[in-house]
Amino acid sequence: MSTSQIAFLKGHGTENDFVIVPDPGNAIDLPAAAVARLCDRRAGIGGDGVLHVVRSAAHPEARTMAAEAEWFMDYRNADGTIAEMCGNGVRVFAHYLLRAGLVEEGDLAVATRGGVKQVHIAEDGSITVSMGRRLLPEEQVTVTVDGRSWPARNVNMGNPHAVAFVEDLAHAGDLYAAPEFAPAAVYPDGVNIEFVVDRGPRHVAMRVHERGSGETRSCGTGACAVAVAAARRDGADPALTGSPVTYTVDLPGGTLVITEHPDGAIEMTGPAVIVAEGFIDPLWLETVIG
Ligand SMILES: N[C@@H](CCC[C@H](N)C(=O)O)C(=O)O
């Protein structure tokens with residue numbers, strides 16, 4: 001990371017919060033240690049992750065998507081690891097682009113490591129993301145917390161998820177540590193784990209332990225994985241019924257609405273908020289990166 005002044009913003013989507021680092025030319029090197037310090041809630045700015053805003057043409061991982069999507073969401077988890085996709089992050093990313101005058105309200109495409117996502121920014125500020133299609137690998141997975149185990153559904157939303165239906169969200173415990181899962185070979189790169197209870201017809205509530213970030217107040221890809229798993233459990237597979245299925249998913253930080261279409265395409269709608277902007281102190285950064 002360079003030590004000249006670096007602008008940042010802070011934002012969140014249903015309280016899944018991010019440090020936004022605008023860097024159109026990809027001039028800022030963001031080593032994992034710097035990301036972890038930026039996300040540190042006491043020694044840094046604080047966040048569940050970093051949204052590095054880069055022009056696709058300027059980033060080696062996004063160049064091939066540049067013709068379709070001008071902007072690349074270079075997403076990092078709070079511990080500095082890289083993830084394929086962040087559902088809440090994409091909404092906040094799009095909201096930032098609009099606020100910065102880099103895009104207009106309506107439709108835009110955002111490049112991510114999980115492919116190009118189509119985003120719609122509505123007049124009321126809500127944002128809908130076409131999350132693409134999910135994969136439902138067949139492996140049987142078990143999730144364990146404090147000696148209690150549940151079968152979990154393996155859902156891939158570009159990033160990996162294990163969805164466990166539980167009797168009580170409190171059974172997930174304090175989630176300070178990552179829940180155990182087995183077999184380990186199903187998720188060689190780690191996994192995001194969702195715990196789900198029913199709230200009503202097509203209405204669920206969840207908690208999540210995110211790979212690389214710990215328990216967060218919301219996870220967009222996690223909410224999509226939960227809606228898919230709930231639809232299968234409820235016998236409401238849109239591919240079989242021919243009709244879209246919508247679930248309302250309550251999270252500790254807010255509510256997301258997820259629709260799965262008969263062709264497998266999934267849409268997520270929710271809010272995005274920018275709360276602050278400023279500059280990272282170059283002297284502090286020097287101490288971070290040594
Ligand atoms: N909070 C995100 C997911 C971020 C990535 C995840 N922790 C992973 O490592 O896959 C969301 O809103 O989807």
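Between which two strands is the loop that holds Pro183 found? Pro183 is found in the loop between strand S11 (180-182) and S12, and the views below place this loop among other parts of the chain. The model is a predicted one, in which local features need pLDDT of at least 70, side-chain atom pairs count only at pLDDT 80 or more, and totals for chains, interfaces and linings use all residues. Residues are numbered from 1 along each chain as its sequence is written.

**View 1. The cis peptide bond at Pro183.** Ala182 and Pro183 are joined by a cis peptide bond, with omega about -5°. The strands named in these legends are DSSP runs of E with at least two residues, whereas helices are runs of H or I with at least four residues, and both are numbered from the N terminus.

**View 2. The shell around the ligand.** The ligand is surrounded by 18 residues, of which Ala83, Asn88, Asn159, Gly220 and Thr221 are the closest; a residue is near a molecule if its C-beta atom, placed from the backbone, lies within 6 Å of it. Domain 1 (6-126 + 273-289) and domain 2 (141-269) each contribute at least three residues to this shell. Helix H2 (87-99) and helix H3 (220-233) each supply at least two.

**View 3. The annotated active site.** The unreviewed UniProt entry places the feature "active site" at Cys86 and Cys219. These two span 134 residues in sequence, yet no two of their C-alpha atoms are more than 7.6 Å apart, so they gather at one spot. UniProt positions are given in the numbering used here, feature names are shortened, and annotations may be inferred rather than shown by experiment. Cys86 is found in the loop between strand S4 (71-77) and H2, and Cys219 in the loop between strand S14 (214-216) and H3. Cys86 is buried, with 30 other C-beta atoms within 10 Å, and Cys219 also counts as buried, with 36 C-beta neighbours inside 10 Å. A residue is buried if 20 or more other C-beta atoms lie within 10 Å of its own, exposed if 12 or fewer, and partly exposed in between, with C-beta atoms placed from the backbone. Leaving aside residues up to four places away in sequence, Cys86 touches Gly49, Tyr75, Gly220 and Thr221.

**View 4. Asn192 and Glu210 in the annotated binding site.** The "binding site" annotation of the unreviewed UniProt entry includes Asn192 and Glu210. Asn192 is found in strand S12 (residues 192-200) and is buried, with 26 other C-beta atoms within 10 Å. Glu210 has its place in strand S13 (residues 203-210) and is buried, with 28 other C-beta atoms within 10 Å. Neighbours within four places in sequence aside, Glu210 is in contact with Asn192, Thr216 and Cys219.

**View 5. The largest nonpolar core.** Among the 80 residues of this core, Phe93, Ala94, Ala223, Cys224, Val226, Ala227 and Val249 touch the most other members. A nonpolar core is a set of buried Ala, Val, Leu, Ile, Met, Phe, Trp, Tyr and Cys residues joined through C-beta atoms within 7 Å. H3 provides the largest share, 9 residues. Domain 1 (6-126 + 273-289) and domain 2 (141-269) both give residues to this core, so it lies between them.

**View 6. Two residues with positive phi.** Asp146, a residue other than glycine, has a positive phi near 45°. Asp146 lies in the loop between strand S8 (141-145) and strand S9 (148-156) and is exposed, with 10 other C-beta atoms within 10 Å. Arg202, also not a glycine, has a positive phi of about 50°. Arg202 lies in the loop between S12 and S13 and is partly exposed, with 17 other C-beta atoms within 10 Å.

How values were computed. Domain bounds come from an automatic or database domain assignment. Two residues are in contact if their C-beta atoms, placed from the backbone, lie within 7 Å.
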